[in-house]
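Please keep the structure open while reading.

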Amino acid sequence: MATDLTAPGAATRPDITSIQRRTLRLLFTTQIVGGVGVTIGIAVGALLAARIAGTAVAGVAQSAGVVGAALLAVPVTRIMARHGRRPGLVVAYAVGAVGGVLVVLSAVTRWVPLLFLGMLLFGGGTAANLQARYTAVDLAEPARRGRQLSLIVWATTIGAVTAPNFAALADRVTTGWGLPPLAGPFAFSSAAFVLAAVVLLGLLRPDPLLTARRLAAADTPVVAPTDAAPVKVRAPRGAGMRAAWSVVRERPAARLGIAAVAVGHLVMVAVMAMTPVRLGESHADADVLRLVGIVLSLHIAGMYAFSPVVGWLTDRLGRRAVILGGVGLLLAACAVAGTAGHHTPRLSVGLVLLGLGWSGTMVAGSTLLSESVPAGVRPSVQGFCDLVMGLAGAVAAVVSGFVMQFAGYPVLTLLAAVAAAPLVALALRPVPTGAPDEEG
């Protein structure tokens, strides 16, 4: 049975279009709010951890947030598979809010285990932001999936740009309340996550995933029901990580989608994480923070600012073509950054290319994955993808530090390029293009 949502007749299409338009507006708004919460934590997390537990474990505390986002993708997508997108996103944001509160308490008590637990749960905010991109394509027409997914990714740009200003404001305000320095931003993060959860709980109706399942299961076109008269849609049995892996293993398109997302994230994290260290090798301490801010801002712009263009190209040129383009940009980024030496402008160009390459693999890979699996198991497969992506990023962050210490930045970029190269061969292999449920 095909899941092509253009199949319903003219009488139902306006209803689905209206639901999708409202869903995109809602996701765009909550993505900005949630993005502010996540980015505030990233901005001050390492500094707070260094004050509480020492510089040596600051990076480990940051990695706890990454691992938490990856691990939380499993229960969150299980909730989505059974009950829909809305409860899954709400739970993820709620867990992130609890994590932020625990981080604040760890700053007050200076209890290190509580800091790590808080950072682990704080990853729920990241997990929610990542799952939002999949929610955007549940009811999207096939010709618009890439653009609508990329629109939600692009919304993160606004949160990333405004968050540092909120972090400084939050720190000033909460210090007056008696909280320790750098604890206040996490309190603001928790408030942002709660706000996003409340908005989604109240307004994400009807649920886009459950509506898509109703359309996929119907023999004749039906108008999507409102939450006032819900129709029960049962999730398939066994829609967990094991079932997700079985589906991915059998579908080349799904394997390519996950590989593109995970490899692109691995390469990006490995190079990006050690770029501040590279800058510190050639600049005085007084200049390093300023230069790091500029270079990483350009990198973030490359990741998110052009995602609508990437989404348009994904729909126009095809998923695999954009994945290949993304890999090409990642390889170019490694070459430029690795040979930049201590020339900061050239290193900045390399980091912009790195962000653009990540955007290509993330948007096109996520779109390909979402449309290549049946609707019944789709949330579990998407959660499996985010789990693999998060763990790949965490491993890259840890390994990159050792490579940097013992071999240097040029070797690190070379190894990152080598890790990306096999994705080219995978993307060039023929992939079935039929409707996902027809393949099943």
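In which hand, left-handed or right-handed, does α12 pass α13? In this predicted model, α12 passes α13 in a left-handed crossing.

**Helices α12 and α13**
- Helix α12, which spans residues 319-338, and helix α13, which spans residues 344-371, have axes that come within 7 Å and cross at roughly 155°.
- Because angles over 145 degrees count as roughly antiparallel, α12 is roughly antiparallel to α13.
- The residues that form the contact of α12 with α13 comprise 17 nonpolar, 7 polar and 3 charged.

**Helices α9 and α14**
- Helix α9 (residues 252-280) packs with helix α14 (residues 378-406) at an angle of about 30°, and their axes lie 8 Å apart.
- This angle falls in the range under 35 degrees, so α9 is roughly parallel to α14.
- The crossing in which α9 passes α14 is right-handed.
- By class, the residues of the contact of α9 with α14 divide into 17 nonpolar, 4 polar and 1 charged.

**T39 in helix α1**
- T39 is found in helix α1, which covers residues 13-53.
- T39 counts as buried because its relative accessibility is 16%, and buried means under 20%.
- The T39 side chain reaches the backbone oxygen of G35 at 2.7 Å.

Note on methods. Residues numbered from 1 in each chain as written. Predicted model: local features only at pLDDT ≥ 70, side-chain atom pairs only at ≥ 80, totals over all residues. Heavy atoms only, no water. Axes fitted to C-alpha atoms, helices over the stretch in contact; angles between N-to-C directions. Helix = DSSP H or I, 4+ residues; strand = E, 2+ residues; numbered from the N terminus. Parallel < 35°, antiparallel > 145°, perpendicular 65-115°, else oblique. Left-handed = near helix turned anticlockwise from the far one by under 90°. Nonpolar A, V, L, I, M, F, W, Y, C, P; charged D, E, K, R; others polar. Buried < 20%, exposed > 50% of the residue type's maximum accessible area, 1.4 Å probe, protein only. Polar contact = N/O pair within 3.5 Å; in protein donor to acceptor, adjacent residues only side chain to side chain.
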